[in-house]
Amino acid sequence: MKIIMLGAPGAGKGTQAKQIADKYKIPHISTGDIFRANIKNNTELGQKAKQYMDQGLLVPDELTCDLVMDRIKQDDCKNGFILDGFPRTIPQAEALDAALDKINEKMDYAINVDVPDENIVNRMGGRRCCLNCGATYHVVTIPTKVEGICDRCGSPVVLRDDDKPETVQKRLTVYHDQTQPLIDYYEKQSILKTVDGTKSMEAVFDDITAILGA
Ligand SMILES: [Zn+2]
């Protein structure tokens, strides 16, 4: 069961990926975690990646793909794995396919958690964060008991800059430019499965498990 998670930032694909990983007992692989682990363990690939990151440069696709392949080849991935945050672009997807092909493997599913932009902007715009203790809330789904005040410590809760509509919209534009083409790419490979990400977290998860089988 080799799965790629697709979805806009804020669509909830990370949460779904974690739940899938738990249910099917396969590793949840995020590139951020791989980078951190390799840099921490000072591996050869980690050292290379760090050189780019230290200069504020993007890690090249080929190197990112090498890091992912290195992780995929580990023992715990033999029954499958779930990729979250990679590939992000067509060149990355092509590099991944080529590398998998060399070891006679291929991806089985690309699950697209589909949420319209305006839903994401609304979701993020409702988030509130306590600057003092870090507790997070949402004006609709997890409201504070007293409006604007943290339940835990009594400090004011705020809308973070990252969650402001204009910031969210910018991230979504980048997503549509870079990642949306992947949807067509995996559609052509007949492995794309789209789920309605506007449903509740539980309902989305049920839809995904219906696709993957119990
Ligand atoms: Zn607080």
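Select residues 127-162: the end C-alpha atoms of this span lie 10 Å apart, and the span is 0% helix and 25% strand. Helices (H or I, at least four residues) and strands (E, at least two) are DSSP runs, numbered from the N terminus. Residues are numbered from 1 along each chain as its sequence is written. The model is predicted: local features need pLDDT of at least 70, side-chain atom pairs count only at pLDDT 80 or more, and totals for chains, interfaces and linings use all residues. An unreviewed UniProt entry labels residues 127-162 "domain: Adenylate kinase active site lid". UniProt positions follow the numbering used here, feature names are shortened, and annotations may be inferred rather than shown by experiment.

**The three-stranded sheet**

Show strands β5, β6 and β7. They form an open sheet in the order β6-β5-β7, with antiparallel pairing. At its edges are β6 and β7 (157-158), each pairing on one side only. Two strands count as paired if DSSP finds at least two bridges between them; β5 (residues 127-130) and β7 pair in the antiparallel sense over two bridges. For one of these, pick Cys 130, whose bridge partner in β7 is Val 157. In general, strands of a sheet pair through backbone hydrogen bonds, either parallel or antiparallel.

Next, select the positions that the unreviewed UniProt entry marks as "binding site": Gly 10, Ala 11, Gly 12, Lys 13, Gly 14, Thr 15, Arg 127, Thr 136, Tyr 137 and Lys 199.

Center on Tyr 137, in strand β6 (residues 136-138). Is Tyr 137 buried or exposed? Tyr 137 is buried, because 20 other C-beta atoms lie within 10 Å. The classes are buried (20 or more other C-beta atoms within 10 Å of a residue's own), exposed (12 or fewer) and partly exposed (in between), with C-beta atoms placed from the backbone. Leaving out residues up to four places away in sequence, Tyr 137 touches Arg 128, Ile 142, Pro 143, Thr 144 and Val 157. A contact here means that the C-beta atoms of two residues, placed from the backbone, lie within 7 Å.

Move to Lys 199, in the loop between β8 (192-196) and α9 (201-212). Lys 199 is partly exposed, with 14 other C-beta atoms within 10 Å.

**Helix α2**

Now select helix α2 (residues 31-40), where the buried residues are Thr 31, Ile 34 and Asn 38. Viewed down the axis of α2, these buried residues fall within an arc of 60 degrees, so they line one face of the helix. The arc is that of the directions from the helix axis to the C-beta atoms. Turn the view to the face away from the buried side to find the exposed residues Gly 32 and Lys 40. After α2 comes Asn 42, with a positive phi near 55 degrees.

**The whole chain**

Zoom out to the protein, with its nine helices and eight strands. Its C-alpha atoms fill a box of roughly 60 × 40 × 30 Å along the principal axes. Of the 214 residues, 27% count as buried. Residues 24 or more positions apart account for 67% of the contacts with a separation of 6 or more.

Finally, color by pLDDT, the predictor's confidence in each residue, from 0 to 100. The mean is 93, and 100% of residues reach 70 or more. Among the elements, α2 has the lowest mean pLDDT (90) and β8 the highest (97).
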